[in-house]
Amino acid sequence: MEANKGKGDQGMQNPSGQVDRPVSFHFLESMLPKAVKRRVHALKRLQVQCANIEAKFYEEVHELERKYAALYQPLFDKRRDIVTGTVEPTDEECEWQSDRDEEEELAEEVKEKAAIEDSKKEEATPQEDPKGIPEFWLTIFKSVDMLSDMLQEHDEPILKHLKDIQVKFSEPGEPMSFTLGFHFEPNGYFNNAVLTKVYKMKSEPDPSDPFSFEGPEIIDCEGCQIDWHKGKDVTVKTIKKKQKHKGRGTVRTVTKQVPNDSFFNFFNPVKAPPDGEMDEDSEFTLATDFEIGHFFRERIVPRAVLYFTGEALEDDESVSFCLRRMHFHTRPYKKLKPQVGYLQTDFDALVFFPFLVFVV
């Protein structure tokens with residue numbers, strides 16, 4: 001089978017790294033009898049119709065996501081209120097099976113010893129009960145590799161004020177998109193209560209290449225203007241440079257602002273040009289941006305508490321292992337398509353997981 005694959009996959013590789021479609025496909029079709037070729041063309045027309053139906057299917061999936069997002073939102077609002085300390089959950093709401101299991105496993109003598117030690121600590125250093133769950137979202141950012149790579153030390157004090165992240169889907173009749181909303185409490189860094197990032201999507205076959213359609217694709221994104229307080233913009237830094245006057249020989253110090261690494265550059269993304277022509281660094285940056293936006297939408301927001309505790313990180317490792325064992329195609333950036341698949345995990349359970357495919 002591998003030998004056949006090697007023969008069938010031979011093709012020219014262009015400078016961008018893409019493998020052009022082998023000439024043998026066109027050659028094969030040209031060698032068909034005229035009557036057979038005519039019928040093949042009829043089949044291709046049917047295939048285009050299938051792609052158009054598939055596009056309608058994904059439009060309805062998007063509508064279902066929007067519908068169920070409204071059902072999830074009250075639960076996410078309650079999560080926000082608990083995280084920020086706006087409400088205190090009842091004893092009944094705080095019951096969790098694992099707590100009882102762990103207590104039953106502990107020997108009585110160990111529990112008594114722990115209680116004595118705890119009481120001593122409380123007497124020595126009385127502490128106030130912290131409000132809500134401190135640094136909830138910052139902990140998630142620092143725990144997830146994809147997000148921690150973006151995080152700088154000067155971002156952390158700001159993200160301590162992040163109280164919620166929400167996903168909103170476009171309304172019926174509007175172009176397909178989803179919006180990430182980062183909600184902040186009043187802080188000393190910027191005036192915005194919400195920072196937004198809109199991801200624009202397309203779910204229709206390309207008339208010039210309809211057979212490449214495999215589902216919705218993120219085609220562009222748009223950030224927002226951050227209203228920074230004076231001297232608090234962490235996306236820029238001030239540098240000083242000495243300049244010598246050519247004629248007089250005097251030296252003066254010039255200060256100027258230059259871009260600075262920061263998570264908050266996330267809200268000022270690279271723009272995809274209409275012709276799709278970008279340099280390699282910009283392609284990589286935009287592709288990564290699309291992947292991060294999709295990850296927020298599909299994993300971080302719905303499962304935030306599990307990323308806070310680290311449980312979801314273990315699940316992601318299992319899914320990543322499954323993905324490595326699967327065959328799916330990755331090509332240099334032009335568009336990023338989130339596709340949906342069912343993956344068999346090591347827990348012998350089907351996990352519904354949207355995986356990402358870069359397509360040309």
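Visitor: Is F57 buried or exposed, or something in between?
Guide: F57 is partly exposed, with a relative accessible area of 49%. The model is a predicted one.

Visitor: What does F57 pair with?
Guide: F57 forms an aromatic pair with Y58. The ring centres are 5.1 Å apart and the planes are at 70°, which makes the pair edge-to-face.

Visitor: And Y58, buried or exposed?
Guide: Y58 counts as buried, because its relative accessibility is 17% and the limit for buried is under 20%.

Visitor: What about F184 and F264, how are their rings arranged?
Guide: Their centres are 6.3 Å apart and their planes meet at 45°, so this pair is tilted.

Visitor: Where are those two in the chain?
Guide: F184 is in strand β2, residues 177-184. F264 is in the loop between β6 (251-259) and α10 (280-300).

Visitor: Are they buried or exposed?
Guide: Both count as buried: F184 has a relative accessible area of 3%, and F264 has 2%.

Visitor: Which cluster do they belong to?
Guide: Ring pairs join F184 and F264 into a cluster with other residues, including F141, F182, W228 and F296. F266 is also one of its members.

Visitor: What lies over the face of F266?
Guide: K197 does, at 3.4 Å from the ring centre. A second case is R297, which lies over the face of F178 at 4.8 Å from the ring centre.

Visitor: How many aromatic pairs are there in the whole structure?
Guide: A search finds 25.

Visitor: New topic. How many salt bridges does the structure hold?
Guide: It holds 13. One of them is between the side chains of R66 and E171, with N and O 3.3 Å apart.

Visitor: Which parts does that one tie together?
Guide: R66 is in helix α3 and E171 is in the loop between β1 (162-169) and β2, so the bridge ties together parts that are 105 residues apart in sequence. R66 is partly exposed at 23% relative accessible area, and E171 is partly exposed at 40%.

Visitor: What about D220, which residue does it meet?
Guide: D220 meets K271 in a salt bridge, 3.5 Å from N to O. D220 lies in strand β4 (residues 217-222) and K271 in the loop between β6 and α10, so the parts tied together are 51 residues apart in sequence.

Visitor: Is D220 buried or exposed?
Guide: D220 is buried, with a relative accessible area of 14%, whereas K271 counts as partly exposed at 44%.

Visitor: Which residues share partners in a salt-bridge network?
Guide: E63, R66 and E171 are joined into one network.

Visitor: Back to helix α3. Where is the nonpolar patch on the surface?
Guide: The patch is formed by L64, Y68, L71, Y72 and L75, which together have about 550 Å² of accessible area. L71 sits in helix α3, residues 34-84, and is exposed at 53% relative accessible area.

Visitor: What is the phi of E135?
Guide: It is near 55°, a positive value in a residue other than glycine. Most residues other than glycine have a negative phi. E135 is in the loop between α6 (108-124) and α7 (136-143).

Visitor: Last one. How many helices and strands are in the chain?
Guide: There are 12 helices and 8 strands. Of the 360 residues, 31% count as buried.

Key
Residues are numbered from 1 along each chain as its sequence is written. This is a predicted model: local features need pLDDT of at least 70, side-chain atom pairs count only at pLDDT 80 or more; totals for chains, interfaces and linings use all residues. Side-chain values use heavy atoms; hydrogens and water are left out. Helices (H or I, at least four residues) and strands (E, at least two) are DSSP runs, numbered from the N terminus. Patches are made of residues with over 30% relative accessible area and no salt bridge: like charges are joined within 9 Å, nonpolar side chains (Val, Leu, Ile, Met, Phe, Trp, Tyr) within 5 Å. Accessible areas come from the Shrake-Rupley method with a 1.4 Å probe; for residues, only the protein chains shown count as cover. A salt bridge is a side-chain nitrogen of Lys or Arg within 4 Å of a carboxyl oxygen of Asp or Glu. Buried means under 20% relative accessible area, exposed over 50%, partly exposed in between (1.4 Å probe, protein chains only). Rings of Phe, Tyr and Trp (its six-membered ring) pair if their centres lie within 6.5 Å; planes under 30 degrees apart count as stacked, over 60 as edge-to-face and the rest as tilted. A charge sits over a ring if NZ of Lys or CZ of Arg is within 6 Å of the ring centre and within 35 degrees of the ring normal.
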